[in-house]
Amino acid sequence: MINCSVGQLLQFAAKRLTQSSSPLLDAQLLLAYVLQTKREILFAWPERQLNYEQLELFTNLLSKREQGEPVAYLTGKQSFWKLELKVSPAVLIPRPETELIVEWVLNYFNQKTCLQLADLGTGSGAIALAIAQERPQWQLTATDFSYEALSIAIQNASHHQIQNIIFKHGDWCQPLESAQYDCIVSNPPYVADTEKHLLSHETCYEPAQALFAKENGFAELLTITKQAKKYLKSGAPLILEHGFQQAKTLRNQLTLLGYQQIVTLPDLAGLDRITIAFC
């Protein structure tokens with residue numbers, strides 16, 4: 001591979017990444033990371049050659065990607081909404097389908113001022129940061145029981161100079177104390193332990209506590225539905241991401257707890273992905 005150009009390296013790498021659903025994109029992201037440039041710049045430099053250190057780093061990253069390690073962890077960053085977020089194996093990699101929560105909140109509340117929102121299990125801070133950046137006049141509280149995750153989220157807020165979020169350590173609603181919120185959102189773990197074998201190999205690199213839940217995947221969802229009623233204002237929405245086969249059971253649980261106007265929305269693939277219920 002010595003004296004290979006950018007164009008040749010990308011072709012070589014894409015052929016090696018046969019297990020990936022997007023081999024060329026993966027190769028481009030890794031090479032852009034090595035060259036400390038944007039992916040688009042690679043198209044303008046197909047003849048550029050890498051030095052020895054760059055080639056060695058790219059080869060090492062390519063080998064790890066072949067083994068299934070996610071590109072986001074290899075580069076330490078992942079795009080979400082309009083943000084590029086720092087990520088590590090301490091946090092779940094933000095998914096495009098989670099942006100549906102952000103979109104709904106922004107559309108529902110529009111330009112209302114002085115709102116109090118909470119993001120439970122914030123992880124990298126993706127949901128809270130996306131909303132906070134779009135609505136700097138709102139005040140958000142983001143919680144997580146993982147100190148490592150909170151550290152990543154705080155670093156992301158600092159990097160993007162987002163100052164309208166308070167980060168608190170604790171499990172789900174526990175750190176919220178007695179405040180009353182206009183909206184609570186969460187993307188909790190919702191995969192059943194028995195479904196581990198159905199997930200892609202890449203997920204084994206992500207924190208298990210952010211993916212898997214007991215009670216057939218419902219344990220944390222049900223905990224949040226019970227806790228949130230104490231912290232939501234009357235008529236305020238609770239918004240939860242969940243598995244596509246969990247919507248009906250979750251709606252039934254929310255109904256039993258007294259929530260109203262319960263609706264489930266699909267993601268871009270047409271699968272049930274988030275459920276909204278009003279207190």
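The model is predicted: local features need pLDDT of at least 70, side-chain atom pairs count only at pLDDT 80 or more, and totals for chains, interfaces and linings use all residues. Residues are numbered from 1 along each chain as its sequence is written, and side-chain values use heavy atoms, with hydrogens and water left out.

**The sheet**

Begin by selecting the seven strands that form an open sheet in the order E5-E4-E3-E6-E9-E11-E10, with mixed pairing. Helices (H or I, at least four residues) and strands (E, at least two) are DSSP runs, numbered from the N terminus; two strands pair if DSSP finds at least two bridges between them. At the edges are strand E5 (165-169) and strand E10 (260-266), each of which pairs on one side only. On average, neighbouring strands of this sheet are turned by 15 degrees against each other, direction ignored. Such axes are lines fitted to C-alpha atoms, for helices over the stretch in contact, and angles run from 0 to 180 degrees between N-to-C directions.

Next, select E6 and strand E9 (residues 237-241), which run parallel and are joined by three bridges. Ile-184 has Leu-238 in E9 as its bridge partner. Then move to E10 and E11, an antiparallel pair joined by five bridges. Here Val-263 stands opposite Ile-276 in E11. The hairpin of these two strands has five residues between them, and Gly-270 takes a positive phi near 85 degrees there.

**Helices across the sheet**

Select H6, which lies across strand E3 (116-120), E6, E9, E10 and E11 and runs at about 160 degrees to E9. Contact means heavy atoms within 4.5 Å. Helix H8 (residues 147-159) lies across E4 and E5, running at about 170 degrees to E5.

**The cores**

Now display the largest nonpolar core, which has 31 residues; Val-105, Ile-131, Trp-138, Leu-140, Ile-165 and Ile-239 touch the most other members. A nonpolar core is a set of buried Ala, Val, Leu, Ile, Met, Phe, Trp, Tyr and Cys residues joined through side-chain atoms within 4.5 Å. Buried means under 20% relative accessible area, exposed over 50%, and partly exposed in between (1.4 Å probe, protein chains only). Two or more residues each come from strand E2 (83-86), helix H6 (99-109), helix H7 (126-134), strand E4 (139-144), strand E6 (183-186) and strand E11 (272-278). Another core, of 25 residues, lies apart from it and includes Tyr-181, Ile-184, Ile-224 and Ala-236.

Centre the view on Trp-138. Leaving aside neighbours within four places in sequence, the contacts of Trp-138 include Val-105, Leu-106, Phe-109, Ile-131 and Asn-164.

**The E1-E2 hairpin**

Select E1 and E2, which pair in the antiparallel sense over four bridges. Phe-80 stands opposite Leu-83 in E2. Two residues lie between the strands of this hairpin, and Trp-81 in the turn has a positive phi of about 55 degrees.

Go to the loop between strand E8 (212-213) and helix H9 (219-228), where Glu-215 lies. Most residues other than glycine have a negative phi. Phi of Glu-215, however, is near 55 degrees, and Asn-216 has a positive phi of about 60 degrees. Glu-215 counts as exposed because its relative accessibility is 57%; Asn-216, at 53%, also counts as exposed.

In H9 itself, select Ala-219, Leu-221, Leu-222, Ile-224, Thr-225 and Ala-228, which are buried. The buried residues of H9 pack against E3, E6, E8, E9 and H10. From there, step to Gln-253 in helix H10 (residues 247-256). Gln-253 is buried, with a relative accessible area of 16%. Beyond neighbours within four places in sequence, Gln-253 is in contact with Leu-222, Thr-225 and Lys-226.

**The largest pocket**

Finish at the largest pocket, which holds about 1100 Å³ of space. Of its 32 lining residues, Asp-26, Leu-29, Val-71, Ala-72 and Gln-78 are the closest to its centre. On a 1 Å grid over the protein atoms alone, a pocket is an open set of points where a 1.4 Å probe fits, with protein on both sides within 12 Å along at least five of seven lines; lining residues have an atom within 4 Å of a point. Grid points are joined across faces, edges and corners, and a volume is the space filled by probe spheres set on the points. Helix H2 (23-35), helix H3 (39-42), helix H5 (71-75) and strand E1 (77-80) each supply at least two residues of the lining. H2 gives the most, with five residues.
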